[in-house]
Amino acid sequence: MTPKLFELWRKQAALAGGFAAMGPFAGVVMAHRVTQMVQEAGSPSAAGLAEAQRMVAEKMSAAFEGGLAATKVMTAMAGARDPIAAAGLFVAASEAAMRPASRMVRANARRLTRKSD
C-alpha cells in the first residue's frame, strides 16, 4: 500500500469515526426534544415553542455553514493531481460539511442535559 493511499484510508476511517461519535449525542438530543414535544402536545409552552424554533434554525444554519465549507474545499478539485488526491478532497469536504452539525449536536446535548438535572 502506498503512503498516499494509506493516508487516505486513515482520513476515511477518522471521518467514519466522527460520524459514529455523533450518534450518542444525537440520541440524547432527540430523546430530550421528543419527550418535551410529547409532554406539551396540544398546548406548547413558550419554552417549547422557542426550542422548536431553535431546532429548525440550527438545522438550517448547520446545513448552510456545512455546505459552504464543503464548497470551499471542493474548489481545489480542479488542481487534484491524481485520483487519490481527488478522493482526499472528498473526505476533507465531508469533514468540513459535518463539522457545524457535530458542533451543534454536542452543544445541544450538553445544554439539554444540564436543563434536566
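**Figure 1. Overall dimensions of the predicted model.** The protein has a radius of gyration of 19 Å, whereas a compact globule of 117 residues would have one near 13 Å. This radius is taken over C-alpha atoms, and the globule rule is 2.2 Å times the number of residues to the power 0.38. The C-alpha trace spans about 60 × 25 × 20 Å along its principal axes. This is a predicted model, in which local features need pLDDT of at least 70 and side-chain atom pairs count only at pLDDT 80 or more, while totals for chains, interfaces and linings use all residues. Residues are numbered from 1 along each chain as its sequence is written, and side-chain values use heavy atoms, with hydrogens and water left out.

**Figure 2. Fold and surface.** The protein holds three helices and zero strands. Its pattern along the sequence is α-α-α. Helices (H or I, at least four residues) and strands (E, at least two) are DSSP runs, numbered from the N terminus. Of the 117 residues, 25% count as buried. Buried means under 20% relative accessible area, exposed over 50%, and partly exposed in between (1.4 Å probe, protein chains only). The accessible surface comes to about 7,500 Å², and 69% of that belongs to carbon and sulfur atoms. Areas come from the Shrake-Rupley method with a 1.4 Å probe; for residues, only the protein chains shown count as cover. Among contacts between residues at least 6 apart in sequence, 73% join residues at least 24 apart. Contact means heavy atoms within 4.5 Å.

**Figure 3. Helix α2, end to end.** The 29 residues of α2 should span 42 Å at 1.5 Å a residue. The end C-alpha atoms of α2 are 42 Å apart, which agrees. The expected span is 1.5 Å times one less than the number of residues. Buried positions in α2 are G48, E51, M55, E58, A62, G66 and A70.

Figure 4. Side chains of opposite charge can pair when their charged atoms come close. The structure holds seven salt bridges. Each is a side-chain nitrogen of Lys or Arg within 4 Å of a carboxyl oxygen of Asp or Glu. D82 pairs with K4, and their closest N and O atoms are 2.5 Å apart. D82 lies in the loop between α2 (46-74) and α3, and K4 lies in helix α1, so this bridge ties together parts that are 78 residues apart in sequence. K4 is partly exposed, at 45% relative accessible area.

**Figure 5. The salt bridge between E51 and R33.** The closest N and O atoms of E51 and R33 are 2.8 Å apart. The pair links distant parts of the chain, with E51 in helix α2 and R33 in helix α1, 18 residues apart. Both partners are charged side chains in a salt bridge, yet E51 is buried at 5% relative accessibility. R33 is buried too, with a relative accessible area of 5%.

Figure 6. R54 and E58 meet through their side chains in a salt bridge of 2.9 Å, N to O. The two are four residues apart in helix α2, so about one helical turn separates them. R54 is partly exposed, at 36% relative accessibility. E58 is buried, with a relative accessible area of 15%. Salt bridges with shared partners join R33, E51, R54, E58 and R111 into one network.

**Figure 7. R111 and its surroundings.** R111 sits in helix α3 (residues 83-116). At 13% relative accessibility, R111 counts as buried. Beyond its neighbours within four places in sequence, R111 contacts R33, E51 and R54. R111 also belongs to the salt-bridge network with R33, E51, R54 and E58.

**Figure 8. V29 in helix α1.** V29 lies in helix α1 (residues 3-39). Its relative accessible area is 6%, so V29 is buried. Leaving aside neighbours within four places in sequence, V29 touches V105, N108, A109 and L112. V29 and R54 are 25 residues apart along the chain, and their C-alpha atoms are separated by 13 Å.

**Figure 9. A nonpolar surface patch.** V34, M37 and V38 form this patch, with about 280 Å² of accessible area together. Patches are made of residues with over 30% relative accessible area and no salt bridge; like charges are joined within 9 Å, and nonpolar side chains (Val, Leu, Ile, Met, Phe, Trp, Tyr) within 5 Å. V34 is found in helix α1. V34 counts as partly exposed, at 44% relative accessibility.
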